[in-house]
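I opened my notebook to look up a few things in this model. Here is what I went through, in the order I went through it.

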Amino acid sequence: MKDKIFGVLQRVGRSFMLPIAILPVAGLLLGVGGSFTNETMLNTYGLMGIMGPGTILNAILQVMSAAGDIVFTNLPIIFAMGVAIGMAKKEKK
């Protein structure tokens, strides 16, 4: 009885690992991309010529910010898929 309960709790914990493992990377992408595309910050530190709108570096940083935003926007779906995959039993052959 006790082993069965711990087995179920272990599967639930394992199923939350995938969505939680993605969050730090998404946070870094969103934070770095969002801060270095902010025009107020670029003007303050004099980086408008290097990272200002229309530069290649700005385009890369906007993609990074958008990638992080996509993960946080779809977080409920990612958690639902992670739980479903984690709780599914392996296919028997």
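**A serine and its contacts**

I started with Ser15 and, leaving out residues up to four places away in sequence, I found that Ser15 touches Gly82, Val83, Gly86 and Met87. I kept in mind that this is a predicted model. Ser15 is found in helix H1, which covers residues 2–15. Is Ser15 buried or exposed? Ser15 counts as buried, because its relative accessibility is 1% and buried means under 20%.

Next I turned to Ser65, which I found in helix H5, residues 56–73. Which residues is Ser65 in contact with, once neighbours within four places in sequence are left aside? My list for Ser65 reads Leu29, Leu30, Gly33 and Gly34. The relative accessible area of Ser65 is 16%, so I noted Ser65 as buried too, given the cut-off of under 20%.

**A patch on the surface**

Then I went looking on the outside. I found a nonpolar patch on the surface, formed by Leu18, Ile22, Ile77, Met81 and Ile85. Together these residues have about 480 Å² of accessible area.

Which helices supply at least two residues each to the nonpolar patch? I wrote down helix H2 (17–35) and helix H6 (75–87). Of the contributors, H6 gives the most to the patch, with three residues. Ile77 is one of the patch residues, and I located Ile77 in helix H6.

Methods
Residues numbered from 1 in each chain as written. Predicted model: local features only at pLDDT ≥ 70, side-chain atom pairs only at ≥ 80, totals over all residues. Heavy atoms only, no water. Patch = residues over 30% accessible without salt bridge, like charges linked within 9 Å, V, L, I, M, F, W, Y side chains within 5 Å. Areas by Shrake-Rupley, 256 points an atom, 1.4 Å probe, with all protein chains shown as cover. Salt bridge = Lys/Arg side-chain N within 4 Å of Asp/Glu carboxyl O. Helix = DSSP H or I, 4+ residues; strand = E, 2+ residues; numbered from the N terminus. Buried < 20%, exposed > 50% of the residue type's maximum accessible area, 1.4 Å probe, protein only. Contact = heavy atoms within 4.5 Å.
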